[in-house]
Amino acid sequence: MAPLVVAALGLLIPGAGPALADGAACGFGPPRSAWVETSVTIAERGHDTPVLTSTTRVGVPRDWAGSAALLGDGSGDVSTVGCLLPDGGTPSVTTSDDGAEVVVQSTRETRLEHYGPRWGGDSAGLWASRESGGTWFVALLPSTAGAPPTVDLPPGLAGARWRTVVVKMPESRVRTVTPLPSQVLPGGTYVWRDGATPPRVEVAVPLSARAAFQRWVDLRGQNALTVATYLAFALPYLLLAWLLVLLHRRAGERRAGERGPGDRGSGDRGSGDRGERALVRIVLGALAAITAAEAITVVLVLTEAGFAAHMIGLTDGAAIAILAAPLCAAAWRWARTRLRRAGPAPTRSAPTRSAPTRSELTAFGAVVLAGAVLVAVCGYAPLSMRYFPSPAEPAVVASGVATALLLTGAAWAVAVRAARIPGGRTPRAVRVLLRWSVPGLALLTLAFEAHAVVVREGSLPEVTESPFLLLRSVAYLMWPLVVLLLLLLLRLHGRRTETVGPLTTWLVVFLFVVGTIRWPGTYAGMPVPLAALAGLAVLPLLLRLTRRAEAADPGVSRRRLAMIVEEYRDLEAREKGLRRRWAAGDMDDDAFHRENGPVADRIRGLRMEIGLDPDREDGISPLDLALSRGPGVSWWANARLAARYASYVGAPAAVFLIWATWSTDSRGRDGWLDRLGDPNGFYGLAGDLIGGLLIWPVAGFVLGALWRRLPGRRGYLKGAVPVLAYAAATGAHAVLNNVIGQAPVRGSLVRVLLLFLVLTVVAVLMDARALQTRPGGLASRLTPVAVVYRLGTAGSGIALIVAQAAAILGLWSQLRNGIDITSQVDTSTQASLPADAQLLQGRAGD
């Protein structure tokens, strides 16, 4: 009965104080008087990272026995600080202005996690938070009914006066506040003053939309997140694959229709179709290899077989098999070619080839066997070293090194095979890039392995030891291979006509998206390829809305057309002068017809020579025809020339963009070395370097390929369509991030202005090339176009000058205000690689 009475009396005692921390830590005893000021702030930082920041200040008399220990070395004795402040944080010790008090201050930050409805999940100083039912509850010394506080009060604060308690919620709308505050300030600030005991402050804040979504992803949506990650990465590639399958089918139907019964199809068109179909198969294989690792991840997560598959080496074995497939295909083709060349030539009496000899079959089998052994030694053998009791460090990363070598060999095999497909005048630069830059990109994996070993903190990252995770990470940097393969495919597909057909247009659109926009982006932690999908939709829509009839082929060379334009302009000026004199009465009708007749006849003759209406009723001049068709004889020639110009003009823009991207970022890290300190920073640097250099020639190629379909009778107007498409795609990404409160995507305006400047200069150079009549330097090339643009007088040149000046002014304002261009390489997926490794190893729920 006695214990029950004591318990009942304890429940009836009002204002029971909070539990104190262990007094043994306070060797000097509590101070005779003290005051406390504490504040807490909840704000979201970076990409969906809510942070609980607590600051506590405690003032004690100077004559307290522990004050000397606090002031001894300037930072305070550890045990003495423990009397006044909870554990954690970095305390600082100062004295009051009058020197009568010693003030101890500590600030602590804690990232809020989704632990459920119990207190104690997240604490910072004297404050703690919990999440329940879509609401954050933040409390000072929180406790549940009948239970002691989950945050102990330091023993030195037993009789302290709580001078100020502040809660700041600058980004959220507060739902409830208890008890009633003494003062409410703007910006979601609530203040309690002069409490003899710590007030039982508790503030309820509803989760933001993105935080609630992130909570669902963390607690229940792992499968959905995995599927969304795969779709975000692979959806544009899957759409491209569907277009390539359609192109392959139509090429087969066209070849079958051209052959006819009894036709062997040995003409150039048939061989060209075979090359096109072979290149389509190569591109499809490359897309399959790039997206295979993500597809395997989806299957393993949805079937919950990731742990077992990773433990027995199935995931890493699958990654090695993906890389070995191109090598085996290249070895098979090489051996088959050698067998065909070694066999006897067919004769009339023996139209079919004789069977290969035994030695030839033996040589072929030896080649295939050597390739299989090479793959096994380079890939599977190092995997077994991970299961040794105490493997040496070189053995641990041997699998990653072997995977890097296999990746380099696979990329080289694909690139060389694609570059050797005949099919016309493929740019030599594309072939060189395929044969050297793509394997060089794969070799970056070796550099990543070395970088991860050097900058590691403790154990090595899982990605350096697992071929599967390494392949999955490298897949995000293999889009340049797709760009180069699309360039080859465009050359093969567009060799038949000088016009851009529907399928060619869609290939150009995909090239524009892959080469300039890229993907994916994250919104509230969920990856979505919004920028890529917006680009795939906006560019075709703009082309359709601004569609114009393509000018007819003039039937003359570019130089002859430029000479006709020059002579035609002189004739028109002379005709206009004669009409002016006739209208002013300076000459009679007979004199006008006598002098103007030869001029009009010459104008008619020039118009008839290039296929225009001699009576000028169509409203098209030779100048319009020359500028609308561009300097090339075909759309491919225009595209090649524009890509070359864009490479030169875009070089300064590439240097500026890379510098601005890596000088600082949205996460507050400044400097190249600081960002490279992250194990995934090497991939970010490689991706930004490639993107900063490749965006300009790709954008120029797209401008030249669509030149004859773009609106405007002057070249500088034609760049508006691709610039608007790029602005709409990247702007959609930035706008959605800002609408949902995600960390803002800065630098989109800078990228749009740079692209506008580069494409405008390229367009002017294209017009200058189209109007060039004689060889010479840059001045002689720009003189005709300067006359046409009427620079220095009222005309279209004014619009060009104003547009360029506005773009330069916009860039200058960004530089003066400070720019922060975030990387366009998807670092979110690369940063989640350790989580994927835990998932595959069965530790995701720990």
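**Secondary structure and overall numbers.** I count 29 helices and 14 strands in the protein; helices (H or I, at least four residues) and strands (E, at least two) are DSSP runs numbered from the N terminus. This is a predicted model, in which local features need pLDDT of at least 70 and side-chain atom pairs count only at pLDDT 80 or more, while totals for chains, interfaces and linings use all residues. Residues are numbered from 1 along each chain as its sequence is written, and side-chain values use heavy atoms, with hydrogens and water left out.

I noted that 49% of the 846 residues count as buried. Buried means under 20% relative accessible area, exposed over 50%, and partly exposed in between (1.4 Å probe, protein chains only). Taking contacts (heavy atoms within 4.5 Å) between residues at least 6 apart in sequence, I find that 72% join residues at least 24 apart.

**Cores.** I looked up the largest nonpolar core, which has 109 residues. A nonpolar core is a set of buried Ala, Val, Leu, Ile, Met, Phe, Trp, Tyr and Cys residues joined through side-chain atoms within 4.5 Å. Among those with the most contacts inside the largest core are Trp696 and Phe701. Beyond its neighbours within four places in sequence, Phe701 touches Leu487, Leu490, Leu511, Trp635, Trp636, Ala639, Arg640 and Ala643. A second, separate core holds 40 residues, including Val138 and Tyr190.

**Strand S7.** Which residues of S7 are buried on each side? I find Thr135, Phe137 and Ala139 on one side, and Trp136, Val138 and Leu140 on the other. In a regular strand the side chains alternate between the two faces of the sheet. S7 (residues 135-140) pairs antiparallel with S6 (residues 127-132) over six bridges; strands pair if DSSP finds at least two bridges between them. Arg130 stands opposite Phe137. The two strands make a hairpin with two residues between them, and Gly133 in the turn has a positive phi of about 60°. S7 is also joined to S12 (residues 202-206), antiparallel, by five bridges, with Ala139 opposite Glu202.

**Helix H19.** In H19 (residues 622-629) I find eight of its eight residues buried; Asp624 and Arg629 are among them.

**Salt bridges.** I count ten, a salt bridge being a side-chain nitrogen of Lys or Arg within 4 Å of a carboxyl oxygen of Asp or Glu.

- Arg163 bridges to Glu37, with the closest N and O atoms 2.8 Å apart. Arg163 lies in strand S8 (residues 161-168) and Glu37 in strand S1 (residues 35-45), so the pair ties together parts 126 residues apart in sequence. Arg163 is partly exposed at 26% relative accessible area. I also find Glu37, Arg57 and Arg163 linked in a network of salt bridges.
- Arg161 and Asp194 meet at 3.2 Å, N to O. This pair links S8 with strand S11 (residues 189-195), 33 residues apart. Arg161 is partly exposed at 39%, and Asp194 is exposed at 53%.
- Glu575 bridges to Arg579 at 3.8 Å between the closest N and O atoms. The two are four residues apart in helix H17 (residues 558-583), which means a separation of about one helical turn. Glu575 is buried at 6%, whereas Arg579 is partly exposed at 45%.
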